[in-house]
Amino acid sequence: MAQLTYREAIRAGLEEALQSNPETFIMGEDVGAYGGSYAVTKGFMEEYGEERIIDTPIAESGFVGTGIGAAIAGMSPIVEIMTINFSLLAMDQIVHIAAKARYMSGGQISVPIVIRTVSGGGNMLAATHSQSLEAWYARVPGLKVVTPSNAADALGLLRTAVADPNPVMYVEHSLLYGSRSEVPDEHYTIPFGSARVARGGTDVSIIAYLRMVPVALQAAELLEEDGIDAEVIDLRSLLPLDTQTFIDSVHKTNRAVVVEETWEFGGFAGEIIAQINEKAFDSLDGPALRVGGVNVPTPYSRPLELLTIPTPEMVADKVRSLF
Amino acid sequence: MLRTMKLIRRFEERSAEHYGRGNIGGFLHLYIGEEAVAVGVISPLRDDDKIVTHYRDHGHALARGMDTAACMAELFGKSTGVSGGKGGSMHFFDVEKGFMGGHAIVGGQLPLAVGLAFANRYRGEDSLVVCFLGDGAVNEGEFHESMNLASLWKLPVLFLLENNGFGMGTRVERASAQPIIHRLADRHNVRSHREENGQDVFAVRQATLDAIEYIRDGNGPYFLEVMTYRFRGHSMADPIEYRQQHEVEPWLDLDPIKLLSDRLLENNLTTEDEVGAIDEDVENEVNEAIQFALDSPFPTPDELYTDIYA
Amino acid sequence: MASDVIMPQMGFDMTEGMVVRWLKHEGDAVTRGETIAEIETDKATVELEAYESGVMARILVPEGVMVPVGETIGLITAPGEDIPDVAAPTPSPRAAAPPADSTPPTPPAPPEPVEAAAPAETAREETPSASAPVTPVARRIAEQAGVSVAEVQANVTGTGPRGRITRGDIEVWLETRGAAASEPVIPQAPAQVEPTAPEPGDGITVAEPPASGQVGIVVPAGLPPMRQAIARRMSLSKLTAPHYYVTVEIDMTRAVQMRAEINEELDAENRVTVNDLVIKAVATALRSHLHFNVTVQAEGIIPNPTIDVSIAVATDGGGLIAPSMPDVGDASLIETAARSRDLSRRAREGRLRPNEVSGVGFAVSNLGMYDVKDFVAIITPPNAGAIAVGSVQSTPVARDGQVVVAEMMSATLSADHRATDGAEGARFMNEIRRILERPSLLLL
């Protein structure tokens, strides 16, 4: 077992992909000479050459579409969109071409592209650079959306993403790059649609993904002091979604709180709660609740921004309201 | 003009300092080295002209005469800031001054400029819109869509390209198949010019006056490319590993502020004493701005919910 | 000039109250400041003063009827003044208004944004429902136990948010109910009766078990929720758990001295109380007397997996709750003291954790602070017993033919005869006495 950062784990996964498949290339804004906006691909251009580590113009629709085209041609591109906010400029290509080409061609085409991008706020980057939009993509049939919360999952899920013959949105979080965790030395993969019980517990199920997983774990520690034994479920992928793990958990704990960073209104937590209602209603000992981002554009000012993103205290308070 | 350029310079140097002190957060993109462009372009504008710009917007704001203290307070995230502390460095706004915002998604401000100009023409006004953009933005689809629309409808837009040679860390030559960017304007039948002396504020001003005359005569949009140089990194987080010191140095000799003050002194248009007085004056103004920003309150939690809808 | 007597607001969250007793009757003279009635809220009984002098002209609400805060409940007039015609208020529906929502205070509430709750929903929440809500899992458990939701609502007080009847509520109720009722549905029941081989001379006639699980408990109408719960549980206990009692006198001289020495080393807020010594002694004694560390249920005598002690706490409003201190068998005296202090505080504040509310654990009830010599406790089902301790009193006792003054304390065991017998009770109490009289054992 090695201790790796989230960034190192993703780097390791990318290097494996580059080394194992000569038709894998990395493409995106400032991934080469600059080394990647979050330094994930630092040094890659020197190692693998400009042919395979490709700096693009600032033209998201163009280069993401190019990646999709190369994938349809049978290559295995990994395209980086600097932040998920900029993916909106490429949304047409992702939603209309990548997600639908196979279906509309009657199965003749597949689109084995991995689109890496970075989500989340908390960096004082204001309203246009702080959004969590992964749940938008998780509504599009034909796409897969994965959301690793730690280094081990990041590597295991990236391996699966690279091997998957479908378009995968691989969503990272800017505040997780420095987080460190144990990564097994032996080769392993993590299938999509397999949630993880990040912490066992008996009194309430806290369901989270991406950076809200560490937040939920901290909330669970706070709740320990109240004698509340919280179970934390890390969804790991939003599409496909593993419903069984959290439904089983709710059967056991009888209570559920879903946490996500994006705006609470119309968010992915609503989907989780709907699933709980449909599949575990008779196990509920109170309403399934959610904690999401405040429904406002993210403000720049630090004290205001801090109010908009769920904290362990907010999650713990919400859980306490069930007791 | 010398004073404004010095004000921009000092404002930004002190901003960098306070970024280091943790009083400013997020992205801070400095304009140092490019001051002649903002001042040369904005000084000949009329009050009823409008400006839209990108995220490297402090220089444009100060050149437009926006309140120094309110600009600094915005960087500090205070409620007295130009955008109430909600926008930060990349999103300065001052509608009264016709400053229609810094915009942080590359290329996003271009269609907005076209729309503002559309309104001017529709209402029969002869004011114009200056749209600053960087060399990185011309590769976005929005650039071409906007140029085409503005040209098609003969709208009064001055597309002002600040070519500092890099889109973040990527050289123009590695991003644009046509590195002589203003030639792209030909494809859309837009009159264009490249001003090579972008560090010379008089040259920039003269090129702008020519463009303004053309636009006010009702000829439609104009595309002015100004060659300049970003002395600092793309943002405070940029290690600038993609360019070499030997290529930076010749540009440092072309410091637009030094060029201007030397020229004024040589031609006896000013004295060392007067320059010293300007320095002192600017120093005081920026000190006061910082004090104002420090003393100002943060927005209250209630302000989270204000300004979402009209 | 007539003056209204209204149901007073005695706290920010009080929504209704009840006159327990009118101290003045119609026609009585009333002086300003004089107590005219006793009012009970869900938290406390308080005295109601007259704001004006005059005559108690009308009493509009009889004793024992719950009315909303602000309602006129009586009328005081000047002597000889005509009595205005005032209608009596409508009693508030049972289960009253839900408690104030306790959403976390973090970001301020948005000023009714577009997506705010639909008006219909808001209205529904504010209207008191006729019956307490039962959570889905609680409904399911009730149905599995063959109990209707209506029966649950009629008998169980919800402790969940907004007065919801939760899984924990229903499980406690089913347990006590199971212990109380000789449920005919349980197949072992007839076998336990052993009708074929009665002991010679036993002479006991086994009655037919009642057809219904319900026993004839009377829970007086109009009681606030906590008193309802107490009424139900205590009645059940006295009706169904055969109590026997054992009293011992314990010489606390050394224990009190040791406590004083320990407390000299501790901050004021961390001090050990006499009750903590008793709790620790009971927990220690239970380790070697496991047959008292059980619950008595219809399914059988079930050992508790850990040494649990529950403590009776008088709440500020005159109610009583007996929260559990689970797994205190190995806690040190200091830890025990800290836990008991924390538990009492949270019990009074209504902030108990789910595993504490159950009240499982051998009970310690202490009225020492009221300077009582001894008293007898009622067992809280399904526990096997309770100990009632009085105050430590300087008492002349005979020692080696001399009369000396010792610090004596009386402790009385109430135990469920279905689980243990008197001799076992005596041995258990002697063990507790031995530990308290050799207090270094408390430190082991």
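**Chain A and its interface with chain B**

Chain A contains 12 helices and 14 strands, taken from DSSP runs (helices H or I, at least four residues; strands E, at least two) and numbered from the N terminus. The model is predicted, with local features needing pLDDT of at least 70 and side-chain atom pairs pLDDT 80 or more, while totals for chains, interfaces and linings use all residues. Residues are numbered from 1 along each chain as its sequence is written, chains are lettered from A in the order in which they are written, and side-chain values use heavy atoms, without hydrogens and water.

Of the 323 residues in chain A, 63% are buried (under 20% relative accessible area, 1.4 Å probe, protein chains only). Among contacts (heavy atoms within 4.5 Å) in chain A between residues at least 6 apart in sequence, 82% link residues at least 24 apart.

Turning to the interface, 39 residues from chain B meet 33 residues from chain A. The buried area (accessible area, 1.4 Å probe, lost on putting the two parts together, summed over both) is about 2,800 Å², with 67% from carbon and sulfur atoms. Met168(B), Arg174(B) and Leu304(B) supply 22% of what chain B buries against chain A, more than any other three residues.

Arg174(B) also takes part in a salt bridge with Asp55(A), with the closest N and O atoms 2.9 Å apart; the criterion is a side-chain nitrogen of Lys or Arg within 4 Å of a carboxyl oxygen of Asp or Glu. One salt bridge is found across this interface. On the side of chain B that touches chain A, the elements giving two or more residues are α4 (68-75) and α7 (172-175) of chain B.

Notes:
Buried means under 20% relative accessible area, exposed over 50%, partly exposed in between (1.4 Å probe, protein chains only).
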